[in-house]
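Subject: Handing over a structure

Hello,

I am passing a structure on to you, together with some notes on what turned up in it. Please have a look at it first and then read on.

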Amino acid sequence: MSSPARVGRKLVVRALTVVLGALALVSTTLVGSASAHGSVTDPPSRNYGCWQRWGSNFQDPSMATKDPMCWQAWQADPNAMWNWNGLYREGVAGNHQAAIPDGQLCSAGHTQSGRYNALDKPGNWTAAQKSRNFTLNIYDQALHGADYYRVYVTKQGFDPTTQPLGWGNLELVAQVGKTPPTSNFTINVNAPGRTGRHIVYTIWQASHMDQSYYWCSDVIFS
Ligand SMILES: [Cu+2]
């Protein structure tokens, strides 16, 4: 016969095992979601670029003058950079324009409780030099695959340094259908009739579930 003390200890051990098991599950899920997903790596999305250029040095005050839009983004919420792969919404059912109001395109409609809001801010974002005919690279880190990709570029005359981005400022320039999972997927983009600074806006409709990604990449067409 077990003494009451030993029974009590057994119960505590059993309860601890359950709690630890639950914790292990939770942390696996968190790690899974943090290491999953993806982004546009070239021309880099705003938060991917800020992470790439400053992730190892994000408190360097010289960023404020060298890369002011990244600086304001890091000040607003560093998690927008640490989670460069998590700029998505779920359950949009393809109604992207209904889910995302004008002025909020770069934050996917203030997704993830507003974590990415600073990416909507018009300004002098560091931009990649591209020819009007360029290759877009998408990093499908989680190997979701795609139902489709859509690539838009702003119309000539739009000024990303002063104007908030709205759907009406964009022109669809490339579209790709069903794509099997692959780490790096490239899309050839042709954006004729443009010079100077523009925003490339990419939508990735992932295949594993209704999860859609929205990325602003800054470019200067030469
Ligand atoms: Cu994902």
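What share of the 222 residues in the protein chain is made up of buried residues? The answer is 35%. Please keep in mind that this is a predicted model. The protein chain contains 7 helices and 9 strands. Among its contacts with a separation of 6 or more, 72% come from residues 24 or more positions apart.

Helix α2

The buried ones are Arg46, Asn47, Tyr48, Gly49, Cys50, Trp51 and Trp54. What do these buried residues pack against? Their partners are β1 (39-42), α3 (63-66), α4 (68-76), α5 (79-82) and β9 (211-221).

The packing of α2 with α4 can be described in some detail. The two helices meet at an angle of about 95°, and their axes are 10 Å apart. Since angles of 65 to 115 degrees count as roughly perpendicular, α2 is roughly perpendicular to α4. On the α2 side, the contact involves Asn47, Cys50, Arg53 and Trp54, which meet Cys70, Ala73 and Trp74 of α4. By type, the residues of this contact are 5 nonpolar, 1 polar and 1 charged.

Is β9 largely enclosed or left open? Because 9 of its 11 residues are buried, β9 is largely enclosed by the rest of the structure.

Here is how β9 pairs with other strands:

- Strand β8 (residues 196-206) runs antiparallel to β9, and 10 bridges join them. The two are also linked by a hairpin through 4 residues. Gln205 has Ser212 in β9 as its bridge partner.
- Strand β2 (residues 88-90) is antiparallel to β9 as well, with 3 bridges between them. Here Arg89 is paired with Ser212 of β9.
- Strand β3 (residues 128-130) pairs with β9 in the parallel sense, over 3 bridges. Lys130 stands opposite Phe221 in β9.

An open sheet

There is also an open sheet of 3 strands, in the order β1-β4-β7, with antiparallel pairing. β1 and β7 (184-190) are at the edges and have a single partner strand each, so one side of each has no neighbour in the sheet. On average, neighbouring strands in this sheet are turned by 35° against each other, direction ignored. Between β1 and strand β4 (residues 133-139) there are 3 bridges, and Val40 stands opposite Ile138 in β4.

The nonpolar core

In soluble globular proteins, nonpolar side chains tend to be buried together. In this model, the largest nonpolar core has 48 residues. Which residues have the most contacts inside it? They are Cys70, Ala73, Tyr213, Tyr214 and Cys216. At least two residues of this core are supplied by each of α2, α4, α5, β4, β5 (146-154), β8 and β9. As for Tyr213, if neighbours within four places in sequence are left aside, its contacts are Leu87, Tyr88, Ile203, Trp204 and Ala206.

Leu87 sits in the loop between α5 and β2. Is Leu87 buried or exposed? With 28 other C-beta atoms within 10 Å, Leu87 is buried, the cut-off for this being 20 or more. Not counting residues up to four places away in sequence, Leu87 touches Asn47, Ala108, Thr111, Tyr116, Tyr213, Tyr214 and Trp215. Leu87 and Ala108 are 21 residues apart along the chain, and their C-alpha atoms are separated by 6.9 Å.

Gly123 belongs to the loop between α7 (111-114) and β3. Gly123 has 13 other C-beta atoms within 10 Å and is partly exposed. Beyond its neighbours within four places in sequence, Gly123 is in contact with Pro68, Met69 and Thr161. From Gly123 to Met69 is 54 residues in sequence, yet 6.6 Å in space, C-alpha to C-alpha.

I hope this helps you find your way around.

Best wishes

Note on methods: Residues numbered from 1 in each chain as written. Predicted model: local features only at pLDDT ≥ 70, side-chain atom pairs only at ≥ 80, totals over all residues. Buried ≥ 20, exposed ≤ 12 C-beta atoms within 10 Å, placed from the backbone. Contact = placed C-beta atoms within 7 Å. Pairing = 2+ DSSP bridges. Axes fitted to C-alpha atoms, helices over the stretch in contact; angles between N-to-C directions. Parallel < 35°, antiparallel > 145°, perpendicular 65-115°, else oblique. Nonpolar A, V, L, I, M, F, W, Y, C, P; charged D, E, K, R; others polar. Core = buried A, V, L, I, M, F, W, Y, C linked by C-beta atoms within 7 Å.
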